[in-house]
Amino acid sequence: MQFYPNKILALCSVFVLALASVSMLQAGDVEAPEKLRYNSDTWHPAVDYLNPKKTRATDAQLKALEELPLETVWGVLRGMGYTNTFHNGLETTLPGERLIGRAVTIRYLPRRPDLDQAMEALAEGGGWTSKYHSRAAEESKPGDVLVVDLGGRVEGGVFFGDISALGAQLSGARG
């Protein structure tokens, strides 16, 4: 089973596109159409390439995964070339429970005043919130597992607190 970027990951691409748009505008290149600029599901070449190949895991497939030993799943993933898709040192908050779901990947960029300003402007123009934790909670679907890259260790940094976590849970996210 393969997991690919989704709407929330595409939002991260908005950052890259916004920054690229600014540098292209300064170079005299073509400005991005307004409809594309403010779309929270913005087109990106990688997503465009992957979308035809993407299949969303069914609930039956996820249920079948719950029955397999982790070593079996990991062996299949490694055989498919997914060798660097893990993080050591994670600890469960629910001992004895298995967490199986569709990965919703989110990657943060380091916070800077100019990026914050760009995200606020894009979010306002598109009618969506620039707060990733709120969007993750609002856009989670049943069976989703949020996988968040905060850009390394951030002292005292968290993705979201109790209220946003409850929002994701009420949306059906599994973890």
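Let me begin with a term: a contact means heavy atoms within 4.5 Å. This is a predicted model, in which local features need a pLDDT of at least 70, side-chain atom pairs count only at pLDDT 80 or more, and totals for chains, interfaces and linings use all residues. Residues are numbered from 1 along each chain as its sequence is written, and side-chain values use heavy atoms, with hydrogens and water left out.

I turn to confidence. The pLDDT is the predictor's confidence in each residue, from 0 to 100. The chain has an average pLDDT of 75, and 77% of the residues score at least 70. Over residues 1-27, however, the pLDDT is below 50, although this stretch has 59 contacts in the model beyond near neighbours in sequence.

Next, the architecture. Helices (H or I, at least four residues) and strands (E, at least two) are DSSP runs, numbered from the N terminus. The chain holds eight helices and two strands, in the order α-α-α-α-α-β-α-α-β-α from the N terminus on. Of the contacts with a separation of 6 or more, 81% are between residues 24 or more positions apart.

How many of the 175 residues count as buried? Buried means under 20% relative accessible area, exposed over 50%, and partly exposed in between, with a 1.4 Å probe and protein chains only. By that criterion, 25% of the 175 residues are buried.

A nonpolar core is a set of buried Ala, Val, Leu, Ile, Met, Phe, Trp, Tyr and Cys residues joined through side-chain atoms within 4.5 Å. The largest one here has 14 residues, and Ile106, Leu146 and Phe159 have the most contacts inside it. Two or more residues come from each of β1 (102-107), α6 (113-126) and α7 (132-139). Leaving aside neighbours within four places in sequence, Leu146 touches several residues by contact, including Val104, Ile106, Phe159 and Ser140.

Ser140 itself lies in the loop between α7 and β2 (144-149). Ser140 counts as buried because its relative accessibility is 7%. Beyond four places in sequence, Ser140 is in contact with Leu146, Ala168, Ser171 and Ala173.

Finally, consider Asp116, in helix α6. Asp116 counts as partly exposed because its relative accessibility is 27%. Its C-alpha atom is separated by 8.5 Å from that of Ser130, 14 residues apart along the chain.
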